[in-house]
There are 2 protein chains.
Amino acid sequence: MALSYAIIGTGGIGGYYGGCLAKSGKDVHFLFHTDYEFVKQNGLQVDSVRGDFHLQQIQAYGNSNEMPQCDVVLVCMKTTNNHLLKDLLSPIVHKNTVVVLIQNGLGIEKQLSDEMPNVSVVGATAFICTTKIAPGHIHHAEYGSLTMAKYCGECESIMQQVAEDFVEAGVEVHIGDDLNSIRWKKLVWNIPYNGLTVVMNAATNDLTFNPDSRQLVIDLMEEVVAAGKACGAKISDTFVSKMIEMTEKMTPYSPSMRVDYDAHRPMEIQAMYTNPIQIAAQHGFAMKKTEVVEKQLRFLAQNR
Amino acid sequence: MALSYAIIGTGGIGGYYGGCLAKSGKDVHFLFHTDYEFVKQNGLQVDSVRGDFHLQQIQAYGNSNEMPQCDVVLVCMKTTNNHLLKDLLSPIVHKNTVVVLIQNGLGIEKQLSDEMPNVSVVGATAFICTTKIAPGHIHHAEYGSLTMAKYCGECESIMQQVAEDFVEAGVEVHIGDDLNSIRWKKLVWNIPYNGLTVVMNAATNDLTFNPDSRQLVIDLMEEVVAAGKACGAKISDTFVSKMIEMTEKMTPYSPSMRVDYDAHRPMEIQAMYTNPIQIAAQHGFAMKKTEVVEKQLRFLAQNR
């Protein structure tokens with residue numbers, strides 16, 4: 001049986017992954033916010049390093065109340081809107097729906113599961129550089145793999161089917177069995193680079209090649225690794241140096257928080273900084289350096 | 001016997017304190033850097049909350065080789081130039097000269113004493129808002145007290161005489177007996193406010209009244225108190241809340257590091273951040289939050 005998909009939040013992430021699924025013939029329903037009228041008229045354009053494509057007719061919605069119940073919901077909006085998630089999801093989930101949070105940060109699956117205890121929840125991290133550059137217009141610059149792992153519910157067989165659908169759609173997918181480790185490993189890169197590109201008004205390569213900011217990035221990464229380990233995550237001893245090497249090879253790039261800040265949108269401080277700090281503290285680990293960056297970001301969110 | 005004074009570095013601090021001494025009739029010799037020719041022609045102007053004054057004829061020098069040996073040397077330049085201190089002081093010290101470092105930071109007396117082991121060294125902190133606003137033109141906005149304490153040498157009786165000279169000149173002076181505690185207590189204010197006004201591009205009142213940056217300021221202050229205690233400093237439990245209350249009442253103000261940064265001058269990162277971090281580490285205390293701000297400042301010093 002073919003799966004039906006809902007994309008909640010059709011920005012850089014949702015537009016790319018949902019676009020790939022729709023292009024390969026899957027049944028995909030896209031929820032739009034401000035771009036709904038534009039996309040109804042003009043369709044969805046994806047400019048991608050893997051090849052550009054245009055979807056003239058997509059199943060677009062401006063309100064999740066008008067969407068059908070779907071087998072899989074890919075939540076691709078920013079965590080800053082997760083307080084809306086229960087209302088957005090309620091009309092579109094049936095009793096076997098699997099909700100996949102393709103989002104940054106920590107503690108977000110628990111929050112959803114506390115609000116909607118009967119829903120199966122999967123967490124996912126996207127290793128991708130993709131941005132919405134105009135209404136209905138996605139630019140995919142680099143990378144593209146997804147890593148998913150179960151948080152709760154009976155979802156193993158559907159996850160397997162989702163992975164096959166993504167492979168058919170040209171997206172590399174990994175299914176992991178330890179969501180906690182996957183989330184913490186993603187934070188090892190996100191915590192230094194997202195926050196410092198905002199606070200220091202710098203690009204990733206500036207931070208990586210200046211010896212003082214490079215040391216600060218490494219110090220923050222090592223703090224995140226230690227915090228993750230205190231919370232039971234499994235992270236190899238060479239992970240920090242691998243992250244630095246990877247960043248050295250990356251095209252200079254504005255992480256999502258810097259893009260949000262520059263666009264005067266809310267930053268994902270709660271999910272990406274405050275939740276990890278609080279969860280680590282519950283496990284007896286003080287993320288002192290991360291706390292400095294968190295407070296600086298909260299100040300900047302209020303005083304540009 | 002009346003003391004002769006040399007002022008090394010006639011900026012906001014040296015111009016104000018030296019100006020007060022000269023105005024009250026003391027024998028004061030001022031070393032200037034870029035302002036020498038201007039002051040020779042136009043004298044020294046001090047605009048002060050305690051009353052403005054102008055000194056048309058002062059004993060001004062452009063080079064310390066031309067200065068006489070003096071009984072007291074007040075070092076008022078920035079610590080970023082302390083590598084020049086031995087050469088500047090050598091021509092003007094006699095065997096009983098007392099050198100008073102009216103400077104910020106930690107470890108600076110030891111550095112001088114290592115270079116000039118026969119000189120008596122006193123450390124001093126200035127609680128004052130004073131700035132050079134134009135050549136030979138000092139603006140003294142608020143406060144003005146000096147706190148001095150012996151570092152090494154036979155200097156008790158001269159310190160007493162210096163204090164009396166300052167009182168005659170209208171300057172409040174305290175003589176302490178524990179330079180280590182004085183220096184660390186000064187850092188409790190300096191480390192959060194100097195660094196964060198630069199990194200966050202904010203004024204002292206912005207940082208104090210926003211709840212997140214206020215918490216960051218308090219966190220940094222508490223870290224400095226804990227580091228100071230690990231290094232043997234005596235700091236009362238109410239000191240942090242007193243510093244916050246004092247700052248709440250202050251006129252919004254740019255600390256010296258912010259002034260230096262805005263003027264594209266070197267910042268006192270080594271004396272104010274790196275030395276305390278290293279000295280605390282030697283006493284087994286890791287100043288983790290301070291390290292973040294130090295690295296951010298070093299990055300900004302190289303990448304504006």
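This is a predicted model: local features need pLDDT of at least 70, side-chain atom pairs count only at pLDDT 80 or more; totals for chains, interfaces and linings use all residues.

Visitor: What makes α8(A) roughly antiparallel to α12(B)?
Guide: The axes of α8 (residues 211-230) of chain A and α12 (residues 288-302) of chain B cross at roughly 150° and come within 8 Å. Angles over 145 degrees count as roughly antiparallel, so α8(A) and α12(B) get that label.

Visitor: Which residues make the contact of α8(A) with α12(B)?
Guide: α8(A) contributes A:D212, A:S213, A:Q215, A:L216 and A:D219. From α12(B) come B:E291, B:V292, B:K295, B:Q296, B:R298 and B:F299. They count as in contact because their C-beta atoms, placed from the backbone, lie within 7 Å. By class, the residues of this contact are 3 nonpolar, 3 polar and 5 charged.

Visitor: How many residues of chain B are in contact with chain A?
Guide: 21 residues of chain B are in contact with 21 residues of chain A. On the chain B side, the elements giving two or more residues are α8 (211-230) and α12. The most comes from α12(B), with 10 residues. That side of chain B divides into 7 nonpolar, 6 polar and 8 charged residues.

Visitor: Which residues of α11(B) meet α12(B) within chain B?
Guide: Those of α11(B) are B:I269, B:Y273, B:T274 and B:I277. They meet B:T290, B:E291, B:V293, B:E294, B:L297, B:R298 and B:A301 of α12(B). Helix α11 spans residues 269-282 of chain B, and its axis is 10 Å from that of α12(B), at an angle of about 145°. The crossing of α11(B) and α12(B) is left-handed. This contact has 6 nonpolar, 2 polar and 3 charged residues.

Visitor: Why are residues such as A:V100 and B:V100 assigned to a nonpolar core?
Guide: A nonpolar core takes in buried residues of listed types, Val among them, joined through C-beta atoms within 7 Å. Buried requires 20 or more other C-beta atoms within 10 Å. A:V100 and B:V100 are in the largest nonpolar core, which has 190 residues, and have the most contacts inside it. Helix α6 (residues 179-199) of chain A gives the most to this core, with 11 residues.

Visitor: What is A:V100 in contact with, leaving aside its neighbours within four places in sequence?
Guide: A:V100 is in contact with A:V72, A:V73, A:L74, A:V75, A:V122, A:A124 and A:M148.

Technical notes: Residues are numbered from 1 along each chain as its sequence is written. Chains are lettered from A and ligands numbered from 1 in the order in which they are written. A residue is buried if 20 or more other C-beta atoms lie within 10 Å of its own, exposed if 12 or fewer, and partly exposed in between; C-beta atoms are placed from the backbone. Helices (H or I, at least four residues) and strands (E, at least two) are DSSP runs, numbered from the N terminus. Two residues are in contact if their C-beta atoms, placed from the backbone, lie within 7 Å. Axes are lines fitted to C-alpha atoms, for helices over the stretch in contact, and angles run from 0 to 180 degrees between N-to-C directions. Angles under 35 degrees count as roughly parallel, over 145 as roughly antiparallel, 65 to 115 as roughly perpendicular and the rest as oblique. Ala, Val, Leu, Ile, Met, Phe, Trp, Tyr, Cys and Pro count as nonpolar, Asp, Glu, Lys and Arg as charged, and the others, Gly among them, as polar. A crossing is left-handed if the near helix is turned anticlockwise from the far one by less than a right angle, and right-handed if clockwise.
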